[in-house]
Amino acid sequence: MKTQYFAATSLDGFIATEDDSLDWLFPLGDLNDSGYPEFIAGVGALAMGSATYEWMLRNSERVVAETGSPWPYVQPVWVFTSRTLPIIKGANIRFVKGDVRPIHEDMRVAAGTRNIWIVGGGDLAGQFHDAGLLDELIIQIGSVTLGRGKQLFPRRVLSPTLRLVSVRQIGAGMAVLRYEVCKSGGADAA
């Protein structure tokens, strides 16, 4: 079981525009060709930032078009927020705030032997990293630049903490980089 940050980013390191738009991402390829179906099959619980959740609320028609459902997750989802947000009917959602460590433990129990996915929010993924709970980054890099926006991973992580384990091309517009987070800080850490 791993805690994974799986995200798409522009070449210049942004997961969304400054107004949380993902319109840049959709022309780059088909979700089913991205490795996502295999990835999500191994996920038992999700952590999501409030901006990602609110994007899903605002873009429910696009979510339905891409996934076939306004809430595409059957797994339990923990949404990290300090605000009261509307719940999506039929979704297995828990609204939480504060330290990620005790919530991660609840997520581990719910996930069983499957993985935990940090869905969206570079800062949220950074909080899991800061707590020593992040095991892997799976980053899909799109062939666009945004100039500014929401950062992929707003943390300073100096090598050799991240160990590149694979690189894969998806069509003409995306590359997938998979990094292992070395817990001891060394390149040989498992």
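Predicted model: local features only at pLDDT ≥ 70, side-chain atom pairs only at ≥ 80, totals over all residues.
**Helix α5**
- Gly122, Leu124, Ala125, Gly126, Phe128 and His129 are the buried residues of α5.
- After α5 comes Gly132, which has a positive phi, near 75 degrees.

**Packing of α4 on α5**
- Helix α4 (residues 100-111) packs against α5 with the axes 10 Å apart and an angle of about 90 degrees.
- Angles of 65 to 115 degrees count as roughly perpendicular, so α4 and α5 fall into that class.
- On the α4 side the contact is made by Val100, His104 and Met107, and on the α5 side by Leu124, Gln127 and Phe128.
- By type, the residues of this contact are four nonpolar and two polar, with no charged ones.
- Leu124 and Phe128 of α5 take part in this contact and are also among the buried residues of the helix.

**The sheet**
- Eight strands form an open sheet with mixed pairing, in the order β5-β4-β3-β6-β1-β7-β10-β9.
- β5 (93-96) and β9 (162-170) are the edge strands; each has a single partner strand, so one side of each has no neighbour in the sheet.
- From one strand to the next, the twist averages 20 degrees.

- β9 and β10 (residues 174-181) run antiparallel and are joined by eight bridges.
- Gln169 has Ala175 of β10 as its bridge partner.

Terms used:
Residues numbered from 1 in each chain as written. Heavy atoms only, no water. Pairing = 2+ DSSP bridges. Helix = DSSP H or I, 4+ residues; strand = E, 2+ residues; numbered from the N terminus. Axes fitted to C-alpha atoms, helices over the stretch in contact; angles between N-to-C directions. Buried < 20%, exposed > 50% of the residue type's maximum accessible area, 1.4 Å probe, protein only. Parallel < 35°, antiparallel > 145°, perpendicular 65-115°, else oblique. Contact = heavy atoms within 4.5 Å. Nonpolar A, V, L, I, M, F, W, Y, C, P; charged D, E, K, R; others polar.
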